[in-house]
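Here's a quick briefing on a single chain. Have a look at the model first, then read on for the surface, the fold, the core and the charged pairs.

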Amino acid sequence: MPIAVDIDVMLAKRKMSVGELADRVGITPANLAVLKNGRAKAVRFTTLAALCEVLECQPGDLLRWEPGGPGDRDGDGAAHESGASVPAGSPPR
């Protein structure tokens, strides 16, 4: 997936362990590890908000988009979803 998770970077900056973060956020260490290692398919906004609150950071400090990363379906960095497409430069409807 072209979304990279940088929780370990923030953990190092805050000098906090995975176990302590999991406790303070209210999720299991195993689920935090899945998210931290980039194996999660989704993250709830409530979980993301709790991570940001505990780590005193913004969502962009934890998540970033890597064009052409693993999971990119055609290798060109473009994410393709089903449904209507909007040509580049067109305003959203």
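Accessible areas here come from the Shrake-Rupley method with a 1.4 Å probe, and for residues only the protein chains shown count as cover. On that basis the chain has an accessible surface of about 6600 Å², with 54% of it belonging to carbon and sulfur atoms. Bear in mind that this is a predicted model: local features need pLDDT of at least 70, side-chain atom pairs count only at pLDDT 80 or more, and totals for chains, interfaces and linings use all residues. Numbering runs from 1 along each chain as its sequence is written, and side-chain values use heavy atoms, leaving out hydrogens and water.

**Overall layout**
- The chain holds 5 helices and 2 strands, taken as DSSP runs numbered from the N terminus (helices: H or I, at least four residues; strands: E, at least two).
- Starting at the N terminus, the order is β-α-α-α-α-α-β.
- Of the 93 residues, 27% are buried (under 20% relative accessible area; exposed is over 50%, partly exposed in between; 1.4 Å probe, protein chains only).
- Take the contacts (heavy atoms within 4.5 Å) with a separation of 6 or more: 58% of them are between residues 24 or more positions apart.

**Nonpolar core**
- A nonpolar core means buried Ala, Val, Leu, Ile, Met, Phe, Trp, Tyr and Cys residues joined through side-chain atoms within 4.5 Å.
- The largest one has 18 residues, and I7, L21, L51, L55 and L62 have the most contacts inside it.
- Helices α1 (7–14), α2 (18–25), α3 (29–36) and α4 (45–55) each put in at least two residues, with α4 giving the largest share at 6 residues.
- Neighbours within four places in sequence aside, L51 touches I7, L21, V25, L32, L35 and L62.

**Salt bridges**
- The count is 3, going by a side-chain nitrogen of Lys or Arg within 4 Å of a carboxyl oxygen of Asp or Glu.
- R64 pairs with D6, the closest N and O atoms sitting 2.6 Å apart. This pair links distant parts of the chain, 58 residues apart: R64 is in strand β2 (residues 63–65) and D6 in the loop between β1 (3–5) and α1.
- D6 is buried at 13% relative accessible area, while R64 is partly exposed at 37%.
- R64 also bridges to E66, with a closest N–O distance of 2.4 Å; E66 is partly exposed at 31%. Shared partners join D6, R64 and E66 into one network.
- R24 and E20 meet at 3.4 Å, N to O; both lie in helix α2, 4 residues or about one turn apart.
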